[in-house]
Amino acid sequence: MEPLQTDSQPIGSLITSKEWLSPTTLTGHVADRFYQSTTLDAVALVDDGRPVGLVTRPKLLFTLFRRFGFELFGKKPIIAIADTNPLIMREDEKLDIAIDRALSRPDQDIYDEIMLVDWDNRYKGLLSVKQMVIHQSHALANSVVQKEMARERAKELEKVNQVKSQFIAHVTHELRAPVNAIIGLAELMRISSEKSDIGQLRDRLSVMMSSATHLRTIITNILDLSKIEAGKMDVFLETFDIIPLLREVAETARILVGNKPVDVEVVAHDGPVFTVSDPIKVRQILINLTSNAAKFTDKGRLTLAVTAGEEMVAISVKDTGIGIKEADLDKLFTAFSQVEDAKTKRHEGTGLGLTITKNLVDLLGGSISVSSRFGEGTSFEVHLPIKNSKEEVIDHGKV
């Protein structure tokens, strides 16, 4: 048998699904359909025979999590949250060209399904990119070089799938705890109100506020990452003294440490350290780093230090916590990547804090580095420019 000529094989014969819905179908109904079928990964939206959008399982669940679930969004038409600009190809497209086009999309737009149409642009079905890669891999079995290329492409797709799975696992895990706490506390407060027990009401209200704040932090992190990836995070530059900001962050760290035997200290020379940057984002960077340090340090010291050079100001956050294994250092700034598994981890977090921190530092024209010894502690160091090239700078109090 002669080997398959993959450069001339049309992709129409590889259709993996013909699932489709009307774009006016309610989001809640579509979500129910995904919940009922664990093998359903995507559904096409078709209007009068023509494709108008695509809904994937991760996109749907991500949007419902981000927009507080069905309460606020479940009754809207599915087209409102669908990908209205999916990758669409004709069914006679060649396999090699189709794979190259599918894998050349931006990272945030890579998912497994593409839509196929005929010459009249009428919907024919969905095609799995992974299936195309597998098919190509079999067809290129006699070529070592081409087979290796196909294997690498399959690995790329698998990596995308892993990121999506980690996201679903982490967000589901993190949202469940505060939501269940709020629901349980609300019921206890109802019982206390019936007994007119004001003391218990006050105590439980405080715990409920803490759970609600944690829930808001998770949602804020997800939205912040979405803004950054969409390029819609604005930077507002000011001239300000970084020392008071550092001391404010240290006070927050002392609250986060709580009753643990951990000393929080600020190391800085006397006098101000002025810089031109976005103070709100600098504060968020330092809060993210000190929150991590407080979370993973049970005893010892948490130190915030600042030194100013001619062009850059260096801010370090050091702790004597559990440290990080060398093999895990590369994962720290990757979205949804955590050293601990979502099902067995002891510490809360979606794995977004350090990713957002890295992106914010990049936005401010700086750099961030990390060093750690497992079991002894971790040190993050942020370098930010003292001056900024942007012209519009607000001067607050510099003499």
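This is a predicted model: local features need pLDDT of at least 70, side-chain atom pairs count only at pLDDT 80 or more; totals for chains, interfaces and linings use all residues.

Student: Okay. Which helix is Asn288 in?

Tutor: Asn288 sits in helix H9, which covers residues 279–295.

Student: Is Asn288 buried or exposed?

Tutor: Buried. The relative accessible area of Asn288 is 15%.

Student: Why does that count as buried?

Tutor: Because buried means under 20% relative accessible area, and Asn288 has 15%.

Student: What does the Asn288 side chain make a polar contact with?

Tutor: The side chain of Thr357, at 3.1 Å.

Student: Which residues does Asn288 touch, leaving out those up to four places away in sequence?

Tutor: Gly353, Ile356 and Thr357.

Student: And which residues of helix H10 are buried?

Tutor: H10 spans residues 353–363. Its buried residues are Leu354, Thr355, Ile356, Thr357, Leu360 and Val361. So Thr357, the polar partner of Asn288, is on the buried list.

Student: What comes just after H10?

Tutor: Gly365, which takes a positive phi of about 80 degrees.

Student: New topic. How many residues are in the largest nonpolar core?

Tutor: It has 43 residues. Those with the most contacts inside it are Ile242, Val282, Leu289, Leu302 and Leu304. Several elements supply at least two residues each, among them H9, H10, strand S10 (300–308) and strand S13 (377–385).

Student: Which element gives the most to this core?

Tutor: H8, with eight residues.

Student: What does Ile242 touch, again not counting residues up to four places away?

Tutor: Val273, Val282, Val306 and Ile315. There is also a second, separate core, with 16 residues. Leu14, Ile114, Leu116 and Leu127 are included in it.

Student: Why would nonpolar residues group like that?

Tutor: In soluble globular proteins, nonpolar side chains tend to be buried together.

Student: Now sheets. What order do the strands S4, S5 and S6 take?

Tutor: They form an open sheet in the order S4-S5-S6, with mixed pairing. The edge strands are S4 (88–90) and S6 (123–128), each pairing on one side only. Neighbouring strands of this sheet are turned by 35 degrees against each other on average, direction ignored.

Student: Do S5 and S6 pair in the parallel or antiparallel sense?

Tutor: Antiparallel, over five bridges. S5 covers residues 113–117.

Student: Which residue in S6 stands opposite Ile114?

Tutor: Leu127. Ile114 and Leu127 also both belong to the second core.

How values were computed. Residues are numbered from 1 along each chain as its sequence is written. Side-chain values use heavy atoms; hydrogens and water are left out. Helices (H or I, at least four residues) and strands (E, at least two) are DSSP runs, numbered from the N terminus. Buried means under 20% relative accessible area, exposed over 50%, partly exposed in between (1.4 Å probe, protein chains only). A polar contact is a pair of N or O atoms within 3.5 Å; within protein, one must be able to donate a hydrogen and the other to accept it, and residues adjacent in sequence count only if both atoms are side-chain atoms. Contact means heavy atoms within 4.5 Å. A nonpolar core is a set of buried Ala, Val, Leu, Ile, Met, Phe, Trp, Tyr and Cys residues joined through side-chain atoms within 4.5 Å. Two strands pair if DSSP finds at least two bridges between them. Axes are lines fitted to C-alpha atoms, for helices over the stretch in contact, and angles run from 0 to 180 degrees between N-to-C directions.
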